[in-house]
Amino acid sequence: MSDETDLSYETDPDRAQAFLDEIAVEYRSDPAVEMGTMFRSPGLRVGGRIFAFLGGDQRLIVNSRTMKEWVAFPLDGNDLAGTLDTWRHAAREAHNFVARI
């Protein structure tokens, strides 16, 4: 992955996966974070626990206060840069929460 975000894949049906991959780059220096799956969907784990994954409808789903609470963020095709920023922030919050439990 490059250090710059390339939003030219806006018509790519796998843009949600591309966004998740871009977010994963931020955690490459953390050996406790790895790619994983939840309900056969790609996601990110910390310490073996999923903290963010893709829903089937191009949404990023992240942990909230307990493992039973999840929050979904849709992919906004009209604001891809805003979507990526929102997803990055949500993933960071979820990572910080899950890493503490």
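Guide: A strand, in the sense used here, is a DSSP run of E of at least two residues, and strands are numbered from the N terminus. In this predicted model, N63 has its place in strand β4.

Visitor: What makes N63 count as buried or exposed?

Guide: Buried means under 20% relative accessible area, and N63 has a relative accessible area of 6%, so N63 is buried. Leaving aside residues up to four places away in sequence, N63 touches I50, F51, E69, W70, A94, F97 and V98.

Visitor: How do you know which strands stand at the edges of the sheet?

Guide: The sheet is open and has five strands in the order β1-β2-β3-β4-β5, with antiparallel pairing. β1 (33–38) and β5 each have a single partner strand, so one side of each is left without a neighbour in the sheet, and these two stand at the edges. From one strand to the next, the twist averages 30°.

Visitor: Which strands do the helices lie across?

Guide: Helix α1 lies across β1, β2, β3 and β4, and runs at about 15° to β2, while α2 lies across β1, β2, β3, β4 and β5, and runs at about 25° to β4.

Visitor: Why is the pair of F19 and W87 called edge-to-face?

Guide: Rings pair if their centres lie within 6.5 Å, and planes over 60 degrees apart count as edge-to-face. The centres of F19 and W87 are 5.8 Å apart and their planes stand at 90°, so the pair is edge-to-face. With F19 in helix α1 and W87 in helix α2, 68 residues apart, the pair links distant parts of the chain. F19 counts as buried because its relative accessibility is 0%, and W87, with a relative accessible area of 0%, is buried as well.

Visitor: What makes F53 and W70 an aromatic pair, and of which kind?

Guide: Their ring centres are 5.4 Å apart and the angle between the planes is 75°, which makes this pair edge-to-face too. F53 lies in strand β3 and W70 in strand β5 (residues 70–74), so the pair ties together parts that are 17 residues apart in sequence. Ring pairs also link F39 with F53 and W70 into a cluster, and a search of the whole structure finds four aromatic pairs.

Visitor: How do you know whether F53 and W70 are buried or partly exposed?

Guide: Buried means under 20%, exposed over 50%, and partly exposed in between. F53, at 6%, is therefore buried, whereas W70, at 28% relative accessibility, counts as partly exposed.

Visitor: Which residues touch the most other members of the largest nonpolar core?

Guide: Of the 23 residues in this core, I23, Y27, L44, F51, L60 and W87 touch the most other members. At least two residues each come from α1 (15–25), β2 (41–46), β3 (49–54), β4 (59–63) and α2 (80–100), and α2 gives the most, with eight. As for L60, its contacts include L20, A52, V71 and W87, not counting residues up to four places away in sequence.

Note on methods:
Residues numbered from 1 in each chain as written. Predicted model: local features only at pLDDT ≥ 70, side-chain atom pairs only at ≥ 80, totals over all residues. Heavy atoms only, no water. Core = buried A, V, L, I, M, F, W, Y, C linked by side-chain atoms within 4.5 Å. Buried < 20%, exposed > 50% of the residue type's maximum accessible area, 1.4 Å probe, protein only. Helix = DSSP H or I, 4+ residues; strand = E, 2+ residues; numbered from the N terminus. Contact = heavy atoms within 4.5 Å. Phe/Tyr/Trp six-rings, centres within 6.5 Å; stacked < 30°, edge-to-face > 60°. Pairing = 2+ DSSP bridges. Axes fitted to C-alpha atoms, helices over the stretch in contact; angles between N-to-C directions.
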